[in-house]
Protein chains: 2
Amino acid sequence: MKPEDKRPTPMIYERVALIGLGLIASSMAHAMRRGRVAGEITGYARSAETRAVAREIGLCDRVCESAAEAAEGADLVVLCVPVGAMGAVAAEIAPALKPGATLSDVGSVKRAVIAQVSPHVPRGVHFVPAHPLAGTEYSGPRAGFATLFDNRWCILVPEGADRTAVDRLAAFWRALGANVDEMDADHHDRVLAVVSHAPHLIAYTMVGVADHLETVTDREVIKYSASGFRDFTRIAASDPTMWRDVFLTNRDATLDILGRFAEELFVLQRAIRMGDGQLLFDYFTRTRAIRRGIIEAGQDTPAPDFGRAAAAGPGE
Amino acid sequence: MKPEDKRPTPMIYERVALIGLGLIASSMAHAMRRGRVAGEITGYARSAETRAVAREIGLCDRVCESAAEAAEGADLVVLCVPVGAMGAVAAEIAPALKPGATLSDVGSVKRAVIAQVSPHVPRGVHFVPAHPLAGTEYSGPRAGFATLFDNRWCILVPEGADRTAVDRLAAFWRALGANVDEMDADHHDRVLAVVSHAPHLIAYTMVGVADHLETVTDREVIKYSASGFRDFTRIAASDPTMWRDVFLTNRDATLDILGRFAEELFVLQRAIRMGDGQLLFDYFTRTRAIRRGIIEAGQDTPAPDFGRAAAAGPGE
């Protein structure tokens, strides 16, 4: 986590609108306040219950009754809804967007979001897709916390957007604590299939297997989970709607990685069946090097708490 | 973590010998000292370097030059070597075991350890296999810490051993901070295949897939690992020798779980390919319930630090 006093944080947008008020949007609201990044924060969520919670906890300056109302007059509008809902929301707010405004999103898939949203973007509005690589297994407006993006990466996918608008959005994300990178949409989707989408599907699968066993009870699985399985269950507790949309919209890249995964798994399964200890030993030795790289890159710490203690979360 | 003042910790064995001085043995040594559980701790490791480190950090009261020397006169001898080495070590120390002593182990597989060790156990020595379900991705004598077993489960597999000896070993593990359960060897091996062995092989596989990609570099995988992949790399950094032996000795149960995993993965892959969002949504909703059970069972906390901050580890 960066110490707050080292981070320059001038106001970057006069008014920011958050469409959708889940984990990411609520964390953005907290981080914007921490850094005094926006003059006013408006928000909208489709569910009346979510809007009520957002008002109760004072998440935004104004919680509006429609997406268009929240977006009206905003300098930055960020779509924080599941990937599958981006197109419809963009169509709804398009007439309310002010000329010169920046439209962005936080979707985990970029090519499909661009295809859905682009046709609705009015002339004079800058569409700069983005994806902050941060999250927990919690969802909803109460799940957010100000440090979620600290020292994490936010990938911008400008695809030819206005440079001034892109640089301003980059400054915004840096003020929220993130490091910023740029990438093209297809490469983003391939990278995310490896580091996020396939691992999530695999974790969901392993937890499903445990749930379906006859000889080992769910109670036993839960009781003895500390030996490896627990890490899978955390990943597999992530928001079902969000993840359904991720897999359906990043289908090709995810299926490619899962196909490679199945091949590789069969090689190791065969080594176990044939008693090929040397193959297993060599394979397990190579995978250690990647872990060392992650610790050296500062994306985790060697301490057994995963370096997460630094990020004050909803349970703390 | 249990507060120390609530845990009654009389000396349980006069002399405890640790054969093998890796993560588990060194954590046992620290936990024994914390709880004043043993009068004297002797230790032995096959590698001269490990013995030197153990002496340097004062891990045991005596680091011996042979396993038999360490075991001689001990009231409890614990085999803390990889599962594949248990038989040879048992044969080596058998003549040195004192009548009435308890012989135990900490292997992650129980049926194979029993088959290897039992033939060497002298009459009058009580063999009580055990498995503490605790670990980190670190290995070696410097990796141990006193709180590793706190509130974790230790499974005893008595298989008809003397009740007094079993109860005493249970009291020993409780004094080290663990909760104690008993189970038969085959059931232990099936449960562990689900909660630990298959998840480890899957994590190794996913990290291997990432390492083999052409279009996404290792540097990118490492840089963006926080989005799910990082948890896999931690598991896949575990000791290669230990895990090779686990898979080779718990072969049938592990292959059974991996076979089920592959089937289930194909069902989800097909749902992605066919665009069956309802199947994915329902599946992901069910897996959330298991996570809730784990938090309710106290095997993790809802905080994003995984509840590991409580356990002071080697990196702290």
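Chain B and chain A bury about 10,200 Å² between them, and 70% of this area lies on carbon and sulfur atoms. Buried area here is the accessible area (1.4 Å probe) that two parts lose on being put together, summed over both. The model is predicted: local features need pLDDT of at least 70, side-chain atom pairs count only at pLDDT 80 or more, and totals for chains, interfaces and linings use all residues. Residues are numbered from 1 along each chain as its sequence is written, chains are lettered from A in the order in which they are written, and side-chain values use heavy atoms, without hydrogens and water.

The interface between the chains involves 113 residues of chain B in contact with 113 residues of chain A. Contact means heavy atoms within 4.5 Å. Eight salt bridges are counted between chain B and chain A. A salt bridge is a side-chain nitrogen of Lys or Arg within 4 Å of a carboxyl oxygen of Asp or Glu. One salt bridge joins A:Asp231 to B:Arg234, with the closest N and O atoms 2.2 Å apart.

Several elements of chain B each supply at least two residues of the side that touches chain A, among them strand E8 (153-156), helix H7 (185-211), helix H11 (251-274) and helix H12 (277-296). H7(B) gives the most to this side, with 21 residues. By class, the side of chain B that touches chain A has 60 nonpolar, 27 polar and 26 charged residues. Ala, Val, Leu, Ile, Met, Phe, Trp, Tyr, Cys and Pro count as nonpolar, Asp, Glu, Lys and Arg as charged, and the others, Gly among them, as polar.

Chain A contains twelve helices and nine strands. These are DSSP runs, numbered from the N terminus: helices (H or I) have at least four residues and strands (E) at least two. The C-alpha atoms of chain A fill a box of roughly 65 × 40 × 40 Å along the principal axes.

Chain A is divided into domain 1 (4-183) and domain 2 (187-296). Such bounds come from an automatic or database domain assignment. The C-alpha centres of the two domains of chain A lie 30 Å apart. In chain A, 16 residues of domain 1 are in contact with 16 residues of domain 2. Domain 1 and domain 2 of chain A bury about 1,200 Å² between them, 67% of it on carbon and sulfur atoms. One salt bridge is counted between these domains of chain A. A:Arg234 also forms a salt bridge with A:Glu137, at 3.5 Å between the closest N and O atoms.

Within chain A, A:Glu40 is placed in strand E2 (residues 38-44). Beyond its neighbours within four places in sequence, A:Glu40 is in contact with A:Glu14, A:Arg15, A:Val16, A:Asp61 and A:Arg62. Its side chain makes a polar contact of 2.9 Å with that of A:Arg15. Another polar contact, of 3.0 Å, joins the side chains of A:Glu40 and A:Arg62.

Note on methods:
Polar contact = N/O pair within 3.5 Å; in protein donor to acceptor, adjacent residues only side chain to side chain.
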